[in-house]
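Please keep the sequence and the model at hand while reading.

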Amino acid sequence: MNDAELIRKYNVPGPRYTSYPTVPFWKNDKLDSKEWVKTCIDFIQSKENKGVSVYIHLPFCESLCTFCGCHKRITKNHSVEVPYIDSLLAEWELYKNALGFSPRIQELHLGGGTPTFFAPAEIIRLMEGLFSAKSVNPESCELSFEAHPGSTSEEHLQVLYNFGFRRVSFGIQDYDAQVQQAIHRIQSYDLVKNVHDFAKKIGYTSVNHDLVYGLPKQHFKAFESTIEKTIELRPERIALYSYAHVPWIKGVGQRGYDESDLPQDSEKRALYEMGYEKLVAAGYVSIGMDHFALPEDGLSQAFFKKNLHRNFMGYTTQSTAWMIGLGMSAISDCWTGFAQNEKTVEAYQERVAQGEIPVFRGHLLTEEELVIRRYILDLMCHFATSFVEDKQLNAIHEGIKNRLQPLITDGMVTVSQNRVEVSSVGMPFVRNICMAFDLDLANKTLSQPTFSKTI
């Protein structure tokens, strides 16, 4: 079967597997904060405490990017900054009080929205609130943030560098003017180059550029130019994401253009293949799904050493199984369970003001789900996994092997005894391979569109 036939066959809706079970299949809508904290404590006590990853969701943006699938609040009213930072700091205090100790933060990431929507003074206040308990040691903690090139000032970069941040991720998407107009994200190459160069001048050691293929009005030659310009700047990391078209979830934001404006199937895949070939030829290492890094970067090193981890923040070098999400809609994870915060700013702030950790739903994993979670994590990070030897899992393993048969026939995976390995042909289809392991997909058909297509 040639590439075009494989794309036609396997370009179906599927999860991105930042978690398993995936969010649409979470079964504990009534999970409350007390049960969630108890789940965290039980997990911490059962494992060697390697610290916690903290994700802070800063949801505000001044304008809507029509490709975006994130939970955000569009506003030009910057008076929202002070009360939101107040709520984040209060939520962190609620966690420390409920846990009975101040967790040691091993990884800290500011995501959005647009973190650089916030004034440097408010970012300083947030950082000082977290650092005051000496829970963050910049020497042993990886600190990173997402940045919009158009709203990131030299002061933003310097302030965060002073707190120990050495990683920054710039949202680029595409340099083509027609694409930028369609997705409502106008930023020139010169603007990006200036902020990139300043980050390097200050001393940031790992700069990431996010690119997206499959966007409206995107064409091969123009996107090739975007890839080439990115290589010229030589960021340490590059994320080459597939555009997730889910207008039934995100509403008007992703309906700002015609469906006919989107590159389809083999045309879309050709954009990725071109990007892949150019990045690898330029010396980047292909890591997991859609990520690239220079060989000396920590992400490449983790990939080579089989230490790569994946969570709701994406691929990471930190293998902490415990993550606390602070802020509106943020997701927390303690390996045996997930919890999500209230999804609107108002509901989030109201719950925190009432002295409650603002969890509104979650999921506690069964023993079977924990096993499948490990399989899928291995596949997403290392392109291989091994079935555990347990007679009680034999029926589940047989079901997985049966669902893998078409992928085996098409040369995407090999199964030898208890070992499953993804071939070079199958690597671009790793989401489809993970779907064969997904018990929720095997046992239940969703009644409405849920996931973006896998390619």
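At roughly what angle do the axes of helix H4 (residues 120-131) and helix H5 (residues 154-162) cross? They cross at roughly 15 degrees and come within 10 Å. This is a predicted model, in which local features need pLDDT of at least 70 and side-chain atom pairs count only at pLDDT 80 or more, while totals for chains, interfaces and linings use all residues. Residues are numbered from 1 along each chain as its sequence is written, and side-chain values use heavy atoms, with hydrogens and water left out.

**Terms for helix packing**

- Two packed helices are described by the angle between their axes and the distance between the axes.
- Helices (H or I, at least four residues) and strands (E, at least two) are DSSP runs, numbered from the N terminus.
- Axes are lines fitted to C-alpha atoms, for helices over the stretch in contact, and angles run from 0 to 180 degrees between N-to-C directions.

**H4 with H5**

- H4 contributes Pro 120, Ile 123, Ile 124 and Met 127 to the contact, and H5 contributes Glu 155, His 156, Val 159 and Leu 160; contact means heavy atoms within 4.5 Å.
- The contact of H4 with H5 comprises six nonpolar residues, one polar and one charged. Here Ala, Val, Leu, Ile, Met, Phe, Trp, Tyr, Cys and Pro count as nonpolar, Asp, Glu, Lys and Arg as charged, and the others, Gly among them, as polar.

**H5 with H7**

- The axes of H5 and helix H7 (residues 189-202) come within 10 Å and cross at roughly 30 degrees, which makes H5 roughly parallel to H7.
- H5 passes H7 in a right-handed crossing.
- From H5, Glu 154, Leu 157, Gln 158 and Tyr 161 meet Val 195, Phe 198, Ala 199 and Ile 202 of H7.
- By class, this contact of H5 with H7 has six nonpolar residues, one polar and one charged.

**H3 with H4**

- Helix H3 (residues 81-99) and H4 have axes that come within 10 Å and cross at roughly 10 degrees, which makes H3 roughly parallel to H4.
- The H3 side of the contact consists of Glu 81, Val 82, Ile 85, Asp 86, Leu 88, Leu 89 and Trp 92, and the H4 side of Glu 122, Arg 125, Leu 126, Gly 129 and Leu 130.
- The contact of H3 with H4 divides into seven nonpolar, one polar and four charged residues.

**Cavities**

- The structure holds two cavities of 30 Å³ or more. On a 1 Å grid over the protein atoms alone, a cavity is a set of points where a 1.4 Å probe fits but cannot get out, and lining residues have an atom within 4 Å of a point. Grid points are joined across faces, edges and corners, and a volume is the space filled by probe spheres set on the points.
- The largest cavity has a volume of about 90 Å³, and its lining includes Tyr 17, Tyr 20, His 309, Trp 335 and Arg 373.
- Strand E11 (309-311) and helix H13 (367-382) each give two or more residues to this lining, and H13 gives the most, with four residues.
- The lining of the largest cavity has six nonpolar, three polar and two charged residues.
- The second largest cavity has a volume of about 40 Å³; among its lining residues are His 309, Thr 320, Asp 333, Trp 335 and Arg 373.
- The lining of the second largest cavity divides into four nonpolar, three polar and two charged residues.

**Backbone geometry**

- Most residues other than glycine have a negative phi, and most peptide bonds are trans.
- Tyr 20 and Pro 21 are joined by a cis peptide bond, with omega about -5 degrees; Pro 21 lies in the loop between helix H1 (3-10) and helix H2 (33-46).
- The peptide bond from Gly 112 to Gly 113 is also cis, with omega near 10 degrees, and Gly 113 is in the loop between strand E4 (105-112) and H4.
- Ser 329, although not a glycine, has a positive phi of about 70 degrees; Ser 329 is placed in the loop between strand E13 (323-326) and strand E14 (331-333).

Key: On a 1 Å grid over the protein atoms alone, a cavity is a set of points where a 1.4 Å probe fits but cannot get out, and a pocket is an open set with protein on both sides within 12 Å along at least five of seven lines; lining residues have an atom within 4 Å of a point. Angles under 35 degrees count as roughly parallel, over 145 as roughly antiparallel, 65 to 115 as roughly perpendicular and the rest as oblique. A crossing is left-handed if the near helix is turned anticlockwise from the far one by less than a right angle, and right-handed if clockwise.
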